[in-house]
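Please read the points alongside the model.

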Amino acid sequence: MPTKPILVKRTDLPDFKEYSRLIKKLWKSKWITNNGVYAKQLVIELRKYLGVPHLALLTNGTITLHIALKVLNLPKGGEIITTPFTFAATTNVIIWEGFTPVFVDIDPQTWNIDPKAIEKAITPRTVAIMPVHVYGNPCDVEAIERIAKKHNLKVIYDAAHAFGVEYKGKSVLNYGDFSSLSFHATKVFHTIEGGALITPNESMLKQVEYARNFGIVEFEDQIAFAGTNGKMNEFQAAMGLCNIPNLDKQRQQREKIFQLYTSLLSNNPKIRLQKNIASKQNYGYMPVSFESLNMRDRIIAGLKKKSVFPRKYFYPLTSEFRFSKIYPKDDLTNARRVSDGILCLPLYSSLSSRQIETISAVINDYL
Ligand code: T4K
């Protein structure tokens, strides 16, 4: 019998009966999108769960970043300072919205954008900073806030991985002009596809709500500006509502897995682990970085033989994409070193201790 593959992620699904119960009601009401009852309820529950003042639900985490940049109304062609150690979406959005990404280096320990490098890269054309809380590890939010204030720059956090993460006892999503969440099926909280924008500014929240609904203010003849369609539908929202009660238990299960991996791998000098500065982590990813690209790729081959399929999140750097060659970049030594060796090991709530031991043994044996 062939072994069942172990993939990098496995979607957590709620009790089918509970989801069906909610979906059945949609058959009666026939209201299945456009800010329906489930979407409204999900906003209330997420604000409470996350401890954030204003939150708007959107179709996915990418459209969420697009809308943040749109409603901030920044001068087109401006430069946005960002990290190259991220998923393609972060950089793609900057480019699609007509801005120039300026890539700066990461901190060698936290793997997040280095505030010193941000400050060095500021020019008269800089309009914003787009940091990423990579793998849910909080950026140096205080230093970034100081820099943004000093230079009058907007900050949009790509918080796709940072659901439920706290920094110094409070939600990390409360920093910056916007924090953007992804609720994709592979994330610790999901609505199948989905996302949310969080902002401390109520009038900005209104702009986001108009922007996701074509720019319509209240009635169809009142279009404030050219918006898009970024609404979350009721099937997505119902999935979110059913997932919330399971979040704390799933987080505990992932924490155990994360700790077991850490205990089995952290003594190996050829493996670098990320230094996490959160006061509460979400254990969404198990990233490890090996000494070299060659070593990483050979470990991938070894794991494949055991039907284990980790992923190279995030290799190559987005500054290395073919189209990115024309964009300015700083010295990216740390980012390159981490990315060349990076591997995200399987991490999801139903992974067994035995599976983790097997994966870790393959790695340790190879090294
Ligand atoms: N910013 C950052 C920093 C991000 O990481 C992302 C997305 C975004 C922005 C944009 O957010 P969204 O627009 O996606 O909301 C996956 C996810 O699709 C993507 O959301 C995520 N980051 C990225 C890091 O990973 P792929 O192309 O690697 O996914 P895929 O289809 O290969 O799935 C990975 C594994 O997950 C599979 O091997 C098995 C498991 N899986 C996947 C799906 C789709 C399931 O168990 N169930 C499923 O339904 O991008």
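1. T262 lies in helix α9, which covers residues 247–265; helices (H or I, at least four residues) and strands (E, at least two) are DSSP runs numbered from the N terminus. The model is predicted, with local features requiring pLDDT of at least 70 and side-chain atom pairs pLDDT 80 or more, while totals for chains, interfaces and linings use all residues. Residues are numbered from 1 along each chain as its sequence is written, and side-chain values use heavy atoms, leaving out hydrogens and water.

2. T262 counts as buried because its relative accessibility is 18%, buried meaning under 20% relative accessible area (1.4 Å probe, protein chains only). A polar atom of the T262 side chain lies 2.7 Å from the backbone oxygen of F258. Not counting residues up to four places away in sequence, T262 touches L273 and M286, contact meaning heavy atoms within 4.5 Å.

3. Strands β11, β12 and β14 form, in that order, an open sheet with antiparallel pairing; two strands pair if DSSP finds at least two bridges between them. The edge strands, each pairing on one side only, are β11 (271–273) and β14 (342–345). Neighbouring strands of this sheet are turned by 35° against each other on average, direction ignored.

4. Strand β12 (residues 286–290) pairs with β11 in the antiparallel sense over three bridges. The bridge partner of R272 in β12 is S289.

5. Helix α9 lies across β11, β12 and β14, and runs at about 20° to β12. Axes are lines fitted to C-alpha atoms, for helices over the stretch in contact, with angles from 0 to 180 degrees between N-to-C directions. Helix α10 (residues 293–305) lies across β12 and β14, at about 30° to β14.

Notes: Buried means under 20% relative accessible area, exposed over 50%, partly exposed in between (1.4 Å probe, protein chains only). A polar contact is a pair of N or O atoms within 3.5 Å; within protein, one must be able to donate a hydrogen and the other to accept it, and residues adjacent in sequence count only if both atoms are side-chain atoms.
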